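We will go from stop to stop, with a note on what to look for at each one.

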Amino acid sequence: MPDPTEVQNIVEQAGDMAVYVSDDGEVAGISVNPDCPSLGCLDHWVGRPFKNFLTFESKEKFELRVAAMQADPDMTPRALELNHVDNATWEFPIRYTLHRVYRNGGLLLLGRDMQPIAEVQQRLVAEQTARERDQQRLRGEQTFYNVVLQASETPLILVEPEKGRIRDLNGAAAMLLGASPETLSGSSLAQAFDGRRREELIEAMRAAAGSREVRGINLVARRNERDVTLHPEFFRAAGDLFILCHLRSADGKAGTTAESGVVMGALYAATSDAIVITDGKGVIRDANEAFLTMADAAQLRDIRDVNLSDFLVRGAVDTKLMLETAAKQGRLRNYSTQVASLVGTRATVDVSVARLRNPSGDFGFGFILRNTAMNEAGETEFGSVVSEEAMKNVMDLVGTASLKELVSATSDVIEKLCIETAVQLTGNNRVAAAEMLGLSRQSLYVKLRKHGLINSNSDE
């Protein structure tokens, strides 16, 4: 080790400040590095308790550390950050290492000024706070934008010209094009119209927007074959180029149609009855919030492109019967079945089905599912379904027949009841009734004749 006389200034130069605290807790000496002028002159600390210049929290930390060092003399010194107060208004953090002074007793505290780091932290906090305010302001402006866009009765579409994709649109535009905003948003604008490729349509929009003449582009909506006129207008936002498209129906009734579409869209979203739109095979294309709740689905994409039969307890039997009946008659009403959610819960529903058509052909099917709770009379309980006369006939056999014969008679009553119910549910469609019961068509005819539900000499 070097001669102590050669390193007499090491304490002053090892840190920003050094404090010698005697065993009684008073400051016996203090040295401040002249290269750290922010600390100022602290000679007035000498002869006064060290804890008088600490904040309340730092006093507790310092006392606990001193007690730990006294309890364990071999304890390795660890850094300790303390906050000092002076003249009631000046507060500054110092990071100390505590060292024992064995010859004279007491503690030597070598400190590093943390004010520069604290200032950087304060600037970071201020910057983060400013960013959060900006984000909140942006969210507010986005909300205003969405409210104004959706409230407008003018059909509007916002397009990205480079990709030709729909960035945003309002309900009026979606109604005019025969789809929902969720379906069209993010898709290619050219796909919404018949006979238009993306490059061709974008080029036509550029030409129309740059023309001095007030004219639009005549198009045909692909989903509903409606003639519309598109008026494009280019603008820049944050350096990016966008196209604002105004749509107008060729029959001049765009305003009325848009207003009605907004109302119908609001009804579709807010009704308590579940509504599902499927294609011709029963594959789900759209559904409202009520059906998502019934199916325990978090969002539409969880059930889109899934067959509706996956949510029905009787599966494809129900779906096939409802679709065939609606396709033949145009509609079906009050069909009773059960819906099974994604998590296995069941709900009894009455289903109404309508065939959706447009000038170009079939659009698919619309389903309305109304949740029906059990009534007070317990009509859904099995015992109340069986007629009293049938049960009386079985009970009259007690004492006159064996248990095996009684069970057989009861089975016949239940079998007849199930067959009658299946025939009633299927509208006397015996092929569908046989499929619902898991029987062959010939077996169903045999049981119909057995229970007197069909003329034995008739093929019908």
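Start by selecting Arg226 and Ser249: their side chains make a polar contact at 3.2 Å. A polar contact is a pair of N or O atoms within 3.5 Å; within protein, one must be able to donate a hydrogen and the other to accept it, and residues adjacent in sequence count only if both atoms are side-chain atoms. This is a predicted model, where local features need pLDDT of at least 70 and side-chain atom pairs count only at pLDDT 80 or more, while totals for chains, interfaces and linings use all residues. Residues are numbered from 1 along each chain as its sequence is written, and side-chain values use heavy atoms, with hydrogens and water left out.

Stay on Arg226, in the loop between β8 (217-220) and β9 (227-237). Is Arg226 buried or exposed? Its relative accessible area is 18%, so it is buried (under 20%; exposed is over 50%, partly exposed in between, with a 1.4 Å probe and protein chains only).

Next, select Ser188, in the loop between α5 (181-184) and α6 (198-210). Ser188 counts as buried because its relative accessibility is 12%. Show Gly164, Arg165 and Arg198 too: beyond neighbours within four places in sequence, Ser188 is in contact with these residues (heavy atoms within 4.5 Å).

Finally, colour by pLDDT, the predictor's confidence in each residue, from 0 to 100. The protein averages 80, and 82% of the residues score at least 70. Over residues 254-258 the pLDDT is below 50, and this stretch has 6 contacts in the model beyond near neighbours in sequence.

Methods: Helix = DSSP H or I, 4+ residues; strand = E, 2+ residues; numbered from the N terminus.
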